[in-house]
Amino acid sequence: MRNIAIFASGSGTNAENIIRHFSDSSRAKVKLILSNKADAYVLERARKYGINHLTFNREQFRSGEVLETLRSAEIDYIILAGFLWLMPADILAEYDGRVINVHPALLPNYGGKGMYGDNVHKAVVAAGEKFSGITVHLVNERYDSGDILLQATVRLELGETPDSLAQKIHTLEYAYFPIVAENEINRIFYPNE
């Protein structure tokens, strides 16, 4: 059984969806939820499912304390689900190729620092794009620049608003993000099965 840690900063709907997805798995489970915000609702979701959770500040994140927590919990794989800080080099080195994120746009467009959540949807609608979507990608030392694992698209309709686009994007995230995580875990840890 492989252990997953989810990093999240907000309400945790994607985190909860991933928790449910792996709840019956014989190969992987969500063992730990980590957040940089003590009031993030994702921590309540962790409690609801009986999953250990931890909050940390920037100093703890950069000092290696969070990496030690991951090691102590025997974490094998990391999923970022609405987590907005760059991952430190020590975590990326330890979990090379085993940290993924979902971005609410079709990278490389609308990525980078400050491009998250509603900021992305507002920019996409303002630019008059005909399509948007999600990008599930590996995480590296730069925002939204890791290798792309999957992209899924939606069409913007006449009169599309950032809120209506956000709903379409969430639907894609819920459908694809857990499956990509599962496929990557199977590829990395169970290659001959």
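A search of the whole structure finds one cavity of 30 Å³ or more. A cavity, on a 1 Å grid over the protein atoms alone, is a set of points where a 1.4 Å probe fits but cannot get out. The largest cavity has a volume of about 30 Å³. Here a volume is the space filled by probe spheres set on the points, with grid points joined across faces, edges and corners. Phe22, Ser25, Arg27, Ala28, Glu182, Ile185 and Asn186 line this cavity; lining residues have an atom within 4 Å of a point. Helix H7 gives the most to that lining, with three residues.

This is a predicted model, in which local features need pLDDT of at least 70 and side-chain atom pairs count only at pLDDT 80 or more, while totals for chains, interfaces and linings use all residues. Residues are numbered from 1 along each chain as its sequence is written, and side-chain values use heavy atoms, with hydrogens and water left out.

The largest pocket has a volume of about 750 Å³. A pocket is an open set of points with protein on both sides within 12 Å along at least five of seven lines. Its lining counts 35 residues, and the closest to the centre are Gly82, Phe83, Leu84, Tyr116 and Gly117. The elements that give two or more residues to this lining are H1, E5, helix H6 (117–126), E6 and H7.

**The sheet**

Helices (H or I, at least four residues) and strands (E, at least two) are DSSP runs, numbered from the N terminus. Seven strands form an open sheet with mixed pairing, in the order E3-E2-E1-E4-E5-E6-E7. Two strands pair if DSSP finds at least two bridges between them. Strand E3 (52–55) and strand E7 (148–155) are the edge strands, each pairing on one side only. Neighbouring strands are turned by 20° against each other on average, direction ignored.

Two helices pack here. Helix H1 (residues 13–22) touches strand E1 (2–7), strand E2 (28–35), strand E4 (77–80) and E5. Contact means heavy atoms within 4.5 Å. The direction of H1 makes about 160° with that of E2. Helix H4 (residues 65–72) lies across E1, E2, E3 and E4, and runs at about 160° to E2. Axes are lines fitted to C-alpha atoms, for helices over the stretch in contact, and angles run from 0 to 180 degrees between N-to-C directions.

**Strand E5 and its partners**

Which way does E5 run against E6, parallel or antiparallel? Strand E5 (residues 99–103) and strand E6 (residues 131–138) run antiparallel, joined by four bridges. Asn101 stands opposite His137 in E6. E4 and E5 pair in the parallel sense over three bridges. There, Asn101 is the bridge partner of Leu80.

Five of the five residues of E5 are buried, so this strand is largely enclosed by the rest of the structure. Buried means under 20% relative accessible area, exposed over 50%, and partly exposed in between (1.4 Å probe, protein chains only). Val99, Asn101 and His103 point one way from E5, while Ile100 and Val102 point the other way.

Ser132 lies in strand E6. Ser132 counts as buried because its relative accessibility is 2%. Leaving aside neighbours within four places in sequence, its contacts include Pro104, Val124, Ala152 and Ile169.

**The cores**

A nonpolar core is a set of buried Ala, Val, Leu, Ile, Met, Phe, Trp, Tyr and Cys residues joined through side-chain atoms within 4.5 Å. Of the 38 residues in the largest core, Ile4, Ile6 and Ile79 touch the most other members. The largest share, eight residues, comes from helix H7 (residues 162–189). Another core lies apart from it, with 21 residues, among them Phe7, Phe61, Leu70 and Ile91. Ile4, not counting residues up to four places away in sequence, touches residues including Phe22, Val30, Tyr77 and Ile185.

| Site | Feature | Value |
|---|---|---|
| Leu107 and Pro108 | cis peptide bond | omega about 15° |
| Tyr110 | positive phi, not a glycine | about 60° |
| Asp144 | positive phi, not a glycine | about 55° |

Pro108 lies in the loop between E5 and H6. Tyr110 has its place in the loop between E5 and H6. Asp144 sits in the loop between E6 and E7. Is Asp144 buried or exposed? Asp144 counts as buried, at 15% relative accessibility.
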